Each structure stands twice: as C-alpha cells, then as structure tokens.
Amino acid sequence: MDVVLQAVQDVLTPLGGWSMALVVKIVAATLLMLAYIVVLARTFGTRTFSSFTSYDFLTNVAAGSLVASAVLGPSIAPAAIALLVLVIAQMVISAAGARSRTVQDLVDNDPVVLVADGRILHDRLRRERVSPVILEQQLRQAGVTGVEEVRYAVLESGGTISVITS
C-alpha cells in the first residue's frame, strides 16, 4: 500500500516540489495563454478553434497540446510562437480548401448519405462506423417518427447527421 501511496504522491507533485512561485507561474501562464487564444481566435476567425472536420479536430488537439506546453513549460514564448504558426497554417489551409477542391479533398471528409428515400444504407453505416442506435437518435431529434419519412440523412464532414424529410 505504501508503494501505491508513494506513486500517487509522485504523480501529484511536480518535479522540484510545490512552491508559491510555481503556482503563480501556472496561474499567470494559463491566463496569458487564454488571453492569447482569444486574440488569435478574434484575429483569425472562429473556425480556427472550432471543430468542423477531422482536420479541424486535429488542429484543436495540437493547439491544446501547445497551450499545455506553454502553461507547464519553462516559458510560454516557444509554445506561443508555435501556436501562432499553427493558427496561420490552419488559416492558409482553410482558405486554400475554400478555393481548391483538391485541397478540400485532402483535409475535409466528404458528406455520406446514410438514408436515401426511406431506406437505411447499412453498408455505409458500417463503413462510417455509425451505429443504427445513433442514427435513430438523430432521426428522433429531427422529429422523425419512422425512417420511411426520411428522404435523406447525411453524415456531414463535421460528424453531425443532417435529416431531410419528404
């Protein structure tokens, strides 16, 4: 039991131990990075930190990792510069995707029809890893009482399911 308690203590104690200076640094770095993220989001647009596609999700994960590095690392400057580069790259790639189908195909998922003319396309559900339970939930949320009412249900590039009724 002593080994477990020591392991928990080691996990909860930063290298070098706790100090008031460390706590103040973490709080200051967190608040500075929060302000920085707000400035970046306002400067470069809302899509920068939203989750539309898997590409955007991965960008957000990378941004979160950089923020954590800034907050917990020795200085926020390297992570802040890396985050700025990431945001600018995301903006450039998004702008290129808006102008080029080739770029859009590289970074965005295509929408997939899951229901057509009242018929569930089970092969597409399996391929896209959407369970019938999730599809039925989305149909109910759209006010559909039966799949026969659905003209199309589409898995959008951001992971939502759009439902178009007859």
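Is Arg 126 buried or exposed? In this predicted model, in which local features need pLDDT of at least 70, side-chain atom pairs count only at pLDDT 80 or more, and totals for chains, interfaces and linings use all residues, Arg 126 counts as exposed, at 61% relative accessibility. Burial classes follow relative accessible area, with buried meaning under 20%, exposed over 50% and partly exposed in between (1.4 Å probe, protein chains only). Residues are numbered from 1 along each chain as its sequence is written, and side-chain values use heavy atoms, with hydrogens and water left out. Arg 126 belongs to helix α6. The C-alpha atoms of Arg 126 and Ser 69 are separated by 38 Å, and these two residues are 57 residues apart along the chain.

The chain has a mean pLDDT of 86, with 95% of its residues at 70 or more. Helices (H or I, at least four residues) and strands (E, at least two) are DSSP runs, numbered from the N terminus. Confidence in the chain is highest in strand β2 (residues 119-120), at a mean of 96, and lowest in helix α3 (residues 54-72), at 82. Where pLDDT is low, the predicted coordinates should not be read in detail.

Helix α2 (residues 20-44) and helix α3 have axes that come within 8 Å and cross at roughly 145°. Axes are lines fitted to C-alpha atoms, for helices over the stretch in contact, and angles run from 0 to 180 degrees between N-to-C directions. On the α2 side the contact (heavy atoms within 4.5 Å) is made by Lys 25, Ile 26, Ala 29, Thr 30, Met 33 and Ile 37, and on the α3 side by Val 67, Ala 70, Val 71 and Leu 72. By class, this contact of α2 with α3 has eight nonpolar, one polar and one charged residues. In this classification Ala, Val, Leu, Ile, Met, Phe, Trp, Tyr, Cys and Pro count as nonpolar, Asp, Glu, Lys and Arg as charged, and the others, Gly among them, as polar.

The end C-alpha atoms of α2 are 36 Å apart, in agreement with the 36 Å that its 25 residues should span at 1.5 Å a residue. The expected span of a helix is 1.5 Å times one less than its number of residues. Buried residues in α2 are Ala 29, Met 33 and Leu 40, and what covers the buried residues of α2 includes α3 and α4. An α-helix has 3.6 residues a turn, so residues three or four places apart point the same way.

Helix α4 (residues 77-99) contains 23 residues and reaches 33 Å from its first C-alpha to its last, close to the expected 33 Å. Its buried residues are Ala 79, Ala 80, Leu 83, Val 87, Gln 90, Ser 94 and Gly 97. The cover over the buried residues of α4 includes α2, α3 and α5 (101-107). In the loop between α3 and α4 lies Ile 76, which counts as partly exposed at 25% relative accessibility. Leaving aside neighbours within four places in sequence, Ile 76 is in contact with Ala 29, Leu 32, Met 33 and Ala 70. Ile 76 and Tyr 55 are 21 residues apart along the chain, and their C-alpha atoms are separated by 25 Å.

In the strand region, Val 113 is placed in β1 and Tyr 152 in β3 (residues 150-155). Val 113 is partly exposed at 24% relative accessibility, and Tyr 152 is partly exposed with a relative accessible area of 30%. Not counting residues up to four places away in sequence, Val 113 touches Leu 121, Arg 124, Tyr 152, Ala 153 and Val 154. With that exclusion, Tyr 152 touches Val 113, Val 115, Ala 116, Ser 162, Val 163 and Ile 164. Tyr 152 and Val 115 are 37 residues apart in sequence, with a C-alpha to C-alpha distance of 5.1 Å. Val 113 and Ala 89, by contrast, are 24 residues apart in sequence and 31 Å apart in space, C-alpha to C-alpha.

Positive phi values occur at Asp 117, which is not a glycine and has a phi of about 50°, and at Arg 129, also a residue other than glycine, with phi near 60°. Asp 117 lies in the loop between β1 (112-116) and β2 and is exposed at 56% relative accessibility. Arg 129 is found in the loop between α6 (122-128) and α7 (132-141) and is exposed, with a relative accessible area of 74%.

How values were computed
pLDDT = per-residue confidence, 0-100.
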